[in-house]
Amino acid sequence: MHVGSRAVSHSAPARAGTAAPLRVGVVGTGFIGETHVAAWAAEGIRAVVHDVDASRAAALAHRHGARMAESLDELFGAVDIVDVCTPTHLHAAVAIAAARAGRHVICEKPMARSLADAEAMLAAARDAGVRLFVAHVVRFFPEYVAARAAVMDGAIGEPGVLRLTRASFRPRQPAGHWFFDHARSGGIILDLMVHDLDYARWVAGDVVAVHCRSASVAQPDTGVDHAVAILTHRSGAISHVSASWGYAPPTFVTAFEIAGSHGLIEQSSTATSPVAPSLLAGAADGGLTAMADTRLAGDPFRLELAEFARAIRDGTDARIDATDGLEALRIALAADESARTGAVVRLPQAAR
Amino acid sequence: MALDAAGGAPVRIGVLSAEHVHAPTYISLLASMPGAHLVGVWDEDRQRAAAAAEPVATRAFDEVDGLLERVDGVVIASANSRHRRLVEIAAEAGVHVLCEKPLATTIEDARAIVDACARAGVRLMTAFPTRWNPAARALESTLRSGALGTPVFLEGVNTGTMPDSHAAWFVDPALSGGGAVTDHVVHLADLFRWILRSEVVEVYAVANRILQERFAGVETGGLVSMRFASGVSATIDCSWSKPRSYPTWGGLSVQAVGTGGAFGIDAFRQRLAVYGTHETGISWPAWGPNADDGMLAEFLSAVREDREPAVTGVDGLRAVEIVDAAYRSIAAGAPVSLGAGQL
């Protein structure tokens with residue numbers, strides 16, 4: 001068992017009746033699939049990968065020393081955990097099939113493209129008796145973890161006003177890519193803003209009303225590039241959540257401010273980067289998709305996947321479960337609806 | 001009599017009321033500003049008038065008429081809800097007016113202020129110094145140059161400490177008109193109107209009373225979203241979210257996003273970080289230019305040249321309408337419309 005140094009002390013078997021290491025299959029070998037395969041590899045787990053594009057899967061398997069499965073069924077037969085990294089609209093089909101095959105499921109955020117899909121995923125996991133986790137990686141970024149811990153410790157009193165910002169350039173995917181198709185990805189609100197919608201709920205609790213305005217910056221025909229949601233939490237706290245693909249490369253700024261009844265937390269990635277490269281050669285262009293430089297404080301993807309693997313192995317809770325993923329999706333879909341209709345969307349009381 | 005830079009007589013200026021925290025700054029700047037002759041200060045509280053006049057050795061007037069008959073223009077720096085009465089007295093005396101923001105605490109009072117000055121034929125300017133902040137001007141010129149392409153979204157933050165540390169009336173709704181929404185929406189609302197050359201047609205706002213030790217007198221937290229006739233959306237965080245331990249009063253920043261990229265400003269970023277003793281703690285004294293300087297100079301020029309100031313009373317009225325819409329939205333829990341453009 002190699003799921004991070006902290007896991008070594010645990011002796012529980014990977015699955016009932018066996019002490020074999022967890023076997024992981026990653027479905028979907030795009031940007032996030034490759035990120036997860038690399039994180040699994042860093043945890044000592046050689047993933048099995050599958051993609052409808054076999055040549056892409058083969059190339060990724062080659063780069064990371066992973067094995068390749070020709071079909072989903074072959075992958076399901078070879079693993080304990082299915083890590084779903086497909087385009088958003090396909091999460092549900094793969095996750096439900098994996099659950100029905102008796103495999104535990106880790107699903108990339110957003111949980112699904114629709115609430116019905118997300119609920120079907122929950123039901124499938126429940127019926128099959130397998131675990132289901134939604135990978136909201138921001139809950140594993142050290143600055144976000146530290147800020148929430150400070151709030152929970154009472155450092156600023158009761159949270160009152162949150163401002164969360166995620167500002168970057170438009171992902172450099174070709175026209176026609178699923179990412180830019182609202183029907184498949186849900187656009188910037190479901191893909192990017194959902195990180196901070198989940199975080200706002202993690203810090204300030206359930207959300208009862210959502211208002212959102214959005215605008216298209218780069219290419220009006222390919223969807224929304226900038227959106228701001230205003231959330232009202234059940235506690236009375238209010239949150240301003242901004243997500244943008246409107247900035248010039250290589251910008252990737254994440255920032256937040258959490259104001260409480262007797263204090264304030266400020267954090268900005270621009271103010272806390274511990275390195276300041278100004279190199280003549282190899283100037284950064286931001287890459288295909290912007291991503292925080294996570295290596296300097298521990299890789300959040302590794303922390304995340306290792307925590308899910310431990311939870312599956314030990315039958316314990318992780319800091320986020322499928323219900324949290326569903327609630328984040330509910331808020332994101334409400335924001336998307338508000339942006340479209342102009343109205344405030346009120347949410348039913350959450351299930352718990 | 002000394003000549004000013006433009007070759008005319010200095011503009012004779014008085015200050016009506018020193019209730020507002022900005023009054024000492026105005027008095028100090030006017031006392032040394034070329035082209036200005038600070039005649040004196042009146043306040044209904046004689047002691048406050050004397051205290052305000054003393055640092056620059058100007059005259060403290062006991063009677064408002066005594067000051068008004070000696071000046072060309074006045075700066076009104078009373079508590080918000082007292083603006084109307086003082087503007088009406090000044091206008092009736094034929095004296096031009098620079099009025100502290102917000103112009104009034106109700107649309108009715110703001111309209112009355114605009115009407116009184118129009119009837120009397122005096123100039124009316126609203127104190128929105130942000131238009132003279134160099135970073136704000138850089139944002140405006142970047143938009144004008146086209147470098148930002150078509151603007152699509154403005155996100156503004158004007159947050160600060162709770163101003164009751166300056167004067168108790170700031171948190172008395174009868175005098176202030178409200179809390180953070182009243183205090184901090186108007187600067188950015190005016191800046192946005194100015195740089196976009198467009199009017200707000202819809203406002204959504206939320207507010208609460210959690211910050212500042214759950215101070216209950218007025219709202220301390222607020223978020224406002226607005227849509228302009230041009231199609232641009234904008235938001236303002238107007239919260240009094242800085243605790244008393246914060247090293248400065250607060251700040252004002254904007255992130256503007258357009259088809260050509262993004263442009264950010266942090267208007268009070270030019271500051272030092274000073275680490276003192278355990279008792280004095282950390283402070284961030286500003287070393288950037290004081291935008292009040294440019295604003296006061298514009299008022300003097302407008303009076304001297306007998307022209308409309310760059311920021312008018314109508315600009316002040318529009319900002320009050322936006323604040324009013326924000327409160328209506330908070331009450332309704334839904335976006336509300338503004339009839340843009342009519343006076």
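Chain A, to begin with, has eleven helices and 13 strands. Please keep in mind throughout that this is a predicted model, and that every value I quote is computed from it. Of the 352 residues in chain A, 52% count as buried, and if we take the contacts in that chain with a separation of 6 or more, 69% of them are between residues 24 or more positions apart.

Let me turn to the sheet in chain A. Seven strands make up an open sheet with mixed pairing, and reading across it the order is β12-β11-β7-β10-β9-β8-β13 of chain A. Which strands stand at the edges? They are β12, residues 263–268, and β13, residues 345–346, and because each has a single partner strand, one side of each is left without a neighbour in the sheet.

Is A:A339 buried or exposed? It counts as buried, because 23 C-beta neighbours lie inside 10 Å and the threshold for that class is 20 or more. Leaving aside residues up to four places away in sequence, A:A339 touches A:I189, A:C212, A:R213, A:S214 and A:A227. A:I189 is 150 residues away from A:A339 in sequence, yet the C-alpha to C-alpha distance between them is 9.5 Å.

A:P274 counts as exposed, because it has 7 C-beta neighbours inside 10 Å, where 12 or fewer is the limit. Between A:P274 and A:A297 there are 23 residues of separation in sequence and 9.7 Å in space, C-alpha to C-alpha.

Now to the interface between the chains, where 30 residues of chain B are in contact with 29 residues of chain A. On the chain B side, at least two residues each come from several elements, among them β7 (151–160), β8 (200–208), α9 (211–214) and β9 (221–228) of chain B. Which element gives the largest share of that side? It is β9(B), with four residues. Sorted by class, the side of chain B that touches chain A has 13 nonpolar, eleven polar and six charged residues.

Staying with chain B, its domain assignment gives domain 1 as 11–129 and domain 2 as 130–291 + 313–337. The C-alpha centres of these two domains of chain B lie 24 Å apart, and the contact takes 21 residues from domain 1 and 27 residues from domain 2. On the domain 1 side, α5 (107–120) and β6 (124–126) of chain B each supply at least two residues, and α5(B) gives the most, with six residues. By class, that side of domain 1 has 14 nonpolar, four polar and three charged residues.

I will finish with the backbone. In general, most residues other than glycine have a negative phi, and most peptide bonds are trans. In chain A, the peptide bond from A:K109 to A:P110 is cis, with omega near -15°, and A:P110 sits in the loop between β5 (104–108) and α5 (115–128) of that chain. In chain B, the bond from B:K101 to B:P102 is also cis, with omega near -15°, and B:P102 is found in the loop between β5 (96–99) and α5 of chain B.

The other points concern phi. B:Q212, in helix α9 of chain B, has a positive phi of about 55° although it is not a glycine, and B:Q212 is buried, with 27 other C-beta atoms within 10 Å. B:E213 lies in helix α9 of chain B, with a positive phi near 55°, but B:E213 counts as partly exposed, because 13 C-beta neighbours lie inside 10 Å.

Note on methods: Residues numbered from 1 in each chain as written. Chains lettered and ligands numbered in written order. Predicted model: local features only at pLDDT ≥ 70, side-chain atom pairs only at ≥ 80, totals over all residues. Contact = placed C-beta atoms within 7 Å. Domains from an automatic or database assignment. Nonpolar A, V, L, I, M, F, W, Y, C, P; charged D, E, K, R; others polar. Pairing = 2+ DSSP bridges.
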